[in-house]
Amino acid sequence: VESGASFVDNGDYWRVTFDMNDTFSVKLEQGSVATRHEVKSLFDIYGHPNVVGYVDPRAINAANDTLRMQGAASMAANMGVRVELLSKFSIDALVTLDSGVDLVGRGDGTGLIVDNAGVACIQVSGDDSQIKDFSIYGEASGVIQVRGPSDTNVDGTKISNILFESISESQKLNQCVWLWTSTNTSVERCRFKKTGYGVVGQFGYVANDVSVHRNTFTDMLLDAVEANSGGVVKSYRWSVTNNRYNGHLNFPFSGSEGRFVGLASVSNSTISDNIVVNAGGDSVIHIESDGSSTVIADNIFIDCFGSQGQNGWIYLLNNTKDANITGNFFIYTDSSLGSQSGISTSSGSYTHKGSWSNNTFLDLSGSNQFIPFNAKTFVAGSKVVISGNVADGVGNFVEMVSSRGLNITGNTVSNAVNGIFHNPGSSGGGSEDLIIN
C-alpha cells in the first residue's frame, strides 16, 4: 500500500481509500452481495479569493484549480467514476469530460467561478454525461460545450439544476449550453440570470432531439433558446416546454437577439406550455429557413415586444411550412409598447402553410393597438387556416397585404377596430384565394 492509501480486509468486505493531499479522494467498496456500488471522485476546492463572500483558506489560484479539476476528471474517466464538487472554486481553462463522466455538485453553494471572458468552462466530449446541481458564476463564452473530438456526435448529455449567473451586463456568461454535433441532449430545471444565449445550437451544425424543459430565464441579454443550422444543414426535434421567461434586462429591447426562442432550419419542433413575459428582439418566437412542422401550443405571452418593423410575437419567415399555432394566450396590457401583433408573416413574399387556431388575444390596454394576425405577403401556394380564435379589444383582427390562401373561419371577435382589414400599402398589392366565413 502506497503512502496516502489504506487497505482494509474484513473477510467478504473490502475497502480501498486514496487521500491525495486533501485535493480529492476516491473510495471503492465491495460488499458480500453482488451489487453495483457507487464510486465517487470528490474534488474539493474552497473558492475564489477575489470574490466577496467566498474564502479560499488554501490560497489556491485559478490555474491550480483548473489543473486539479482536469486531473480529477481524467482520473474519473479512467476509473468509470464521477466528479463531485464540494464547494466553489475558480477556473481559467477548459475542462473536458469524457464518455460517462458525471460532474455533480451539492446545490448553489458548490460550483465554478469564471472571471475571464475568453474562457470556456466545461466540454462534454463523450456520451452519457450528467452535469447537475451546482452554480456557474462569472464571465465566459461557451460555458458548457457539448462537442466531440473532431466534431463527432455526442449523445445523451443531461444538464439539470444548474444556476448560470453573470457578473454584469458587460461581464456575462454567454452560450451557456452550447450544442455542436449532438443528439438527445436535455436541459432541465436550470436557472439563467442575466446571461447571453441560454441554450444555443452552433451555426451550421446538427443538434437533434434537444429538450429544454422547466427552466427559468430572468433578465436575459440574448435569446433564451437559439438554434441556427444556417440553411446548410437541418436539425430536428427541439422541444421547448414548461419554461418560464421573466423578461429581457433592457425591455423593451429593439435589437434582434432578445427572443424567447429562435429556430432556423429546425424541423418537427414543439414549443408549448411556456409562460413568457417581457420578451423582445425582432420577435418572441422566430421561425425561419424551412422550419417545417413546428407546433406552438398552450403558451402564455404577456406584454412582449416585436421590434425592427416586424412587431410579431410569433414571427414566421421564409417558407415556414406546417406551422400549427394553437391554444395560446396573447395578453397585451401596456399601450406604451405601441402597435404589436400576435402572429406575423410580414418579412417578405414566402409560401406559408399551417393552422392558426383556438388562440385567445386580449388587448386590455384600452388602446386597440394589438393585431392578432399580421397576415401579409403570402404568395400563391400558401394554405393557412385561421379558425376558432377569440379576440377582444384588439385593433384589426386580421390585417392583410398581398395575402393569398387564407381560410378565415369561425372566429369570435369583439370590441375590435376592424375584423378583417386589407391594406395594399404603397405597392398596391392585392389579396386573393381567400375564404372568409
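**Cysteines**

I began with Cys190 and looked for a partner for its sulfur. In this predicted model, the closest cysteine sulfur belongs to Cys176, 9.4 Å away. A disulfide needs the two sulfur atoms within 2.5 Å, so this pair is too far apart for a bond.

Is Cys190 buried or exposed? I found Cys190 buried, with a relative accessible area of 1%. Cys304 is buried as well, and its relative accessible area is 0%.

How many disulfides turn up in a search of the whole structure? I noted zero. As a reminder to myself, a disulfide is a covalent bond between the sulfur atoms of two cysteines.

**Strand E14 and its neighbours**

Next I turned to strand E14, which covers residues 158-166. Which way does strand E11 (residues 130-141) run beside E14, parallel or antiparallel? The two run parallel, and eight bridges join them.

I then followed E14 to strand E17, residues 182-188. These two also run parallel, with three bridges between them. What stands opposite Ser160 in E17? I found Glu188 there.

My last stop was strand E18, residues 191-193. Three bridges join E18 to E14, and this pairing is parallel too. Here Phe164 faces Phe192 of E18 as its opposite residue.

One general point I jotted down for reading strands: in a regular strand the side chains alternate between the two faces of the sheet.

Technical notes. Residues are numbered from 1 along each chain as its sequence is written. This is a predicted model: local features need pLDDT of at least 70, side-chain atom pairs count only at pLDDT 80 or more; totals for chains, interfaces and linings use all residues. Side-chain values use heavy atoms; hydrogens and water are left out. Two strands pair if DSSP finds at least two bridges between them. Helices (H or I, at least four residues) and strands (E, at least two) are DSSP runs, numbered from the N terminus. Buried means under 20% relative accessible area, exposed over 50%, partly exposed in between (1.4 Å probe, protein chains only).
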